[in-house]
Structure formats: structure tokens, C-alpha cells
Amino acid sequence: MKLLKNMKIRAKILAAFGISLVMTILLGAVSILAVNYMDGIADNYVDISIPAINQIWTARRAVQATEKAALEATIVMTPGELNQVKKTLTEERTKIDNALLELERLAPQFASDIDTIQTQLDGATTIREEMMVECAKFTTEGNARAYDIYNNEYIPT
């Protein structure tokens, strides 16, 4: 304190402005660092999170379309109808696989979860193929058996 009392007013004012200048520069530097950090978070959100969510929704829509087509298969009575259902099932499975591959590229930390999903999808495909065999009989009994497989095996899977 004695140092401040012995200082001239000019020196005191210069010291106060100097301290203010140093604090302003420090605040500016911290602000720049914070903006850069937030920019990184925003880039991550735009480059990874949003596209990943889009792929999840694409896969979800394709799964729903697959379920609908599989259910439709249980009422077909002509080879043409069955071929159309099979075509839809193949197209939707391709959409699911592509979405999961893209999701794995965007978020490799979920690779093991995606592998688990692929395994479950393969199991569902096997069950669906059993349904198609029954549907291809083009009989009420075959369709009833396909519907039973759909309800008791396919949907739970």
C-alpha cells in the first residue's frame, strides 16, 4: 500500500490502464478459445450427429416397411403379388444395410452394436424366408402358417 501512496497520479493511472489492458487481452484470448471450442462442437454435430440420426431414421423407416411387406406376404395369392413383396423386402433390406454401414462409418464407436443389429436382422431374414416358403404355396393354410410365423417368430425377433 505504501507503494501506491508514494506513486504519482500519472503512474497510478498508467498502472490502472495497464492492468485493464492486460485483463482485456486475457478476456479476449479466453473468448477466442471458447468460440473455437464451441465451433468444434458445432462441426461435430453437423458432420456426425445429424447425419447419424438421419441414417437411424432411414433404417427405422426401412424396418417398418419390411414389417409391412412381410405382413402383406401372408395374404398373397398369386406369384406376381409374392414377387412384388419379395422385391420390396429386398429393397428395404438394402436400405437398412446401407444405413447401418453409413452409421458405422459416422460413429465407429457403435460398431459392436451395429454388428448385433445385423445379426438380429439376419435372423429375421431367415425367419422371413420361412414365411415366403409358406406364402408360395398360395393356399389359405400356407398363408395362415406364414401369418403364424410372422406373429410368433418374426415380430419378436
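1. How much space lies in the largest pocket? The model is a predicted one, and in it the largest pocket holds about 430 Å³ of space. Rolling a probe the size of a water molecule over the atoms shows where empty space is left.

2. The lining of the largest pocket consists of 22 residues. Those nearest the centre of the pocket are Val 63, Ile 96, Ile 117, Gln 120 and Leu 121. By residue type, the lining divides into 13 nonpolar, four polar and five charged residues.

3. Which elements give two or more residues to the lining of the largest pocket? They are α2 (9-73), α3 (79-106) and α4 (111-135). The largest share comes from α4, with eight residues.

4. The largest nonpolar core has 16 residues. Ala 70, Val 85, Leu 89, Met 131, Met 132, Cys 135 and Tyr 154 are the members that touch the most others in this core. Two or more residues each come from α2, α3, α4 and α5 (140-154), and α4 gives the largest share, five residues. In soluble globular proteins, nonpolar side chains tend to be buried together.

5. Leu 89 can be taken as an example from this core. Leaving out residues up to four places away in sequence, Leu 89 touches Thr 66, Ala 69, Ala 70, Arg 128 and Met 132. Of these contacts, Ala 70 and Met 132 are also listed among the core members that touch the most others.

6. How far apart are Tyr 147 and Tyr 150 in helix α5? They are three residues apart, so about one helical turn separates them.

7. Is Tyr 150 buried or exposed? Its relative accessibility is 8%, so Tyr 150 counts as buried. Tyr 147 is instead partly exposed, because its relative accessible area is 40%, and the cut-off for buried is under 20%.

Conventions:
Residues are numbered from 1 along each chain as its sequence is written. This is a predicted model: local features need pLDDT of at least 70, side-chain atom pairs count only at pLDDT 80 or more; totals for chains, interfaces and linings use all residues. Side-chain values use heavy atoms; hydrogens and water are left out. On a 1 Å grid over the protein atoms alone, a cavity is a set of points where a 1.4 Å probe fits but cannot get out, and a pocket is an open set with protein on both sides within 12 Å along at least five of seven lines; lining residues have an atom within 4 Å of a point. Grid points are joined across faces, edges and corners, and a volume is the space filled by probe spheres set on the points. Helices (H or I, at least four residues) and strands (E, at least two) are DSSP runs, numbered from the N terminus. Ala, Val, Leu, Ile, Met, Phe, Trp, Tyr, Cys and Pro count as nonpolar, Asp, Glu, Lys and Arg as charged, and the others, Gly among them, as polar. A nonpolar core is a set of buried Ala, Val, Leu, Ile, Met, Phe, Trp, Tyr and Cys residues joined through side-chain atoms within 4.5 Å. Buried means under 20% relative accessible area, exposed over 50%, partly exposed in between (1.4 Å probe, protein chains only). Contact means heavy atoms within 4.5 Å.
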